[in-house]
Amino acid sequence: LIAVFVFFGTLVAKAQNNIASPVPPPPQAVDSAAKPKRNSDLIIARAIELYNRRDYIGAINLLEKNKNIREENVSWYYYYGLNLGRLDRHDEAIIQLDQFVKRSDLFASARAFYFIGLMHFYKGNYDKAINNLDVSLD
């Protein structure tokens, strides 16, 4: 049990640095250079800029105003969840990240599973945290 808490302590320290640092888009959100930018890509890019400047409320407001892009660009769920998590709205963050996972391939979902595990850890749901963090490593 002590080893688990030491492991999680290390993960939390790394995660806090990772969450605060610039966020790369999940793999499926990256378009090839040859494809023209869709409006939804521009909105997601702006949300990432706001996140990187730690304007989580601004990013959430932008994404909420543009909920209509969710089906066209599932990265909406990912970035909405990340911003909610930064505001300690863990339950809501988990719901949004789960939506991203359900709509994405496993490779794109790995980072989302990591953040879902982190949100469960913050909530004290250690078994769920371990399961999600384990999936993120697969």
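In total, 8 aromatic pairs are present in the structure, which is a predicted model. The ring centres of Tyr 78 and Tyr 79 lie 4.9 Å apart with the planes at 90 degrees, and the pair is therefore edge-to-face, planes over 60 degrees apart being counted as such. Both Tyr 78 and Tyr 79 are buried. For Phe 121 and Tyr 122, the centres are 6.3 Å apart and the planes stand at 55 degrees, so this pair is tilted. Phe 121 is buried, its relative accessible area being 15%, whereas Tyr 122 is partly exposed, with a relative accessible area of 30%.

One aromatic cluster is formed by Trp 76, Tyr 77 and Tyr 80. The ring of Trp 76 also has the charged end of Arg 70 over it, at 5.1 Å from the ring centre.

Helix α4 spans residues 75-86 and helix α5 spans residues 90-103. The axes of the two helices come within 8 Å and cross at roughly 160 degrees. Angles over 145 degrees count as roughly antiparallel, and α4 and α5 are therefore roughly antiparallel to each other. Their crossing is left-handed.

Technical notes: Residues numbered from 1 in each chain as written. Predicted model: local features only at pLDDT ≥ 70, side-chain atom pairs only at ≥ 80, totals over all residues. Heavy atoms only, no water. Phe/Tyr/Trp six-rings, centres within 6.5 Å; stacked < 30°, edge-to-face > 60°. Buried < 20%, exposed > 50% of the residue type's maximum accessible area, 1.4 Å probe, protein only. Lys NZ or Arg CZ within 6 Å of the ring centre and 35° of its normal. Axes fitted to C-alpha atoms, helices over the stretch in contact; angles between N-to-C directions. Helix = DSSP H or I, 4+ residues; strand = E, 2+ residues; numbered from the N terminus. Parallel < 35°, antiparallel > 145°, perpendicular 65-115°, else oblique. Left-handed = near helix turned anticlockwise from the far one by under 90°.
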